[in-house]
Amino acid sequence: MSLFDLTGKSAVVTGASSGLGVQFALALARQGADVALMARRVDKLESVKKEVEALGVRCIAVPCDVTKTDELKKAVQQIEGAFGKVDILVNNAGTAGSTPAEDQSDDEWKRIIDLNLNSVYYVSREFGKGMIARKYGKIINIGSIHSTVGMTGFSLSGYCASKGGVVMLTKELANEWAKHNITVNAIGPAYFPSEMTDAFVDDPGFKQILATYCPMKRAGRPGELDGALVYFASDASSYTTGQLLTIDGGWTTI
């Protein structure tokens, strides 16, 4: 059990106001980590903060737009000031878009790339400075099955490009920061219930896509990402870096 114990560790989760971000924050807290929640929606952050604190750990809510480096630098100072250090970073903040490539505007493309890819770099860079100084860090980036495959029936050019970029950024940061005892890995979820997917996961057409392309023929369930997250956040993964672990019910096997 000690391999997965996070007692005494401090973690940051971006995009922590809803969906997978909430699940990730709670999973880390259950293993004993103190958790800083970052997102733009203050009211939702406060609600999640209460859930995390109920597990007996410290939690702070830090409003921040992770695409804006001035806000991000202030957030890093606030979190490191409160916890003294950051051991674990979960880059979860993200967005989607499904406009056909030929109709997608410059603004939509930039919005997706900025939040899904650029912010992962910005946040990793700023928290990485402290990890480098302390010679310890566990960074977990949230990619997607669309880090490696496209999608029939949906137009996801911006999303696929951004999530593919996350994988290569993960590999290169892992390469550059291994000498500082920092591991950088990625999780690639398929479709899980979240604020982003609620609009279509129960749609009969989407269920048919699942039945066709996913060997398990279903979407993911709450909690089915927790094991991968805790593995990458804990010392159990001390010799694992630069990897993408796709959790997809077998989707990417075919």
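Modeller: A search of the whole structure finds 10 salt bridges, each being a side-chain nitrogen of Lys or Arg within 4 Å of a carboxyl oxygen of Asp or Glu. This is a predicted model, where local features need pLDDT of at least 70, side-chain atom pairs count only at pLDDT 80 or more, and totals for chains, interfaces and linings use all residues. Residues are numbered from 1 along each chain as its sequence is written, and side-chain values use heavy atoms, without hydrogens and water.

Biologist: Which side chain does Arg-58 meet in a salt bridge?

Modeller: That of Asp-34, at 3.2 Å, N to O. Arg-58 lies in the loop between helix H2 (42-53) and strand S3 (59-63), and Asp-34 is in strand S2 (residues 34-39), so the pair ties together parts 24 residues apart in sequence. Helices (H or I, at least four residues) and strands (E, at least two) are DSSP runs, numbered from the N terminus.

Biologist: New topic: which residues of H3 meet H4?

Modeller: Thr-69, Leu-72, Lys-73, Val-76, Ile-79 and Glu-80, with contact meaning heavy atoms within 4.5 Å. Their partners in H4 include Tyr-122, Phe-127 and Arg-134.

Biologist: Which element gives the most to the lining of the largest cavity?

Modeller: H4, with 3 residues. That lining divides into 4 nonpolar, 4 polar and no charged.

Key:
Ala, Val, Leu, Ile, Met, Phe, Trp, Tyr, Cys and Pro count as nonpolar, Asp, Glu, Lys and Arg as charged, and the others, Gly among them, as polar.
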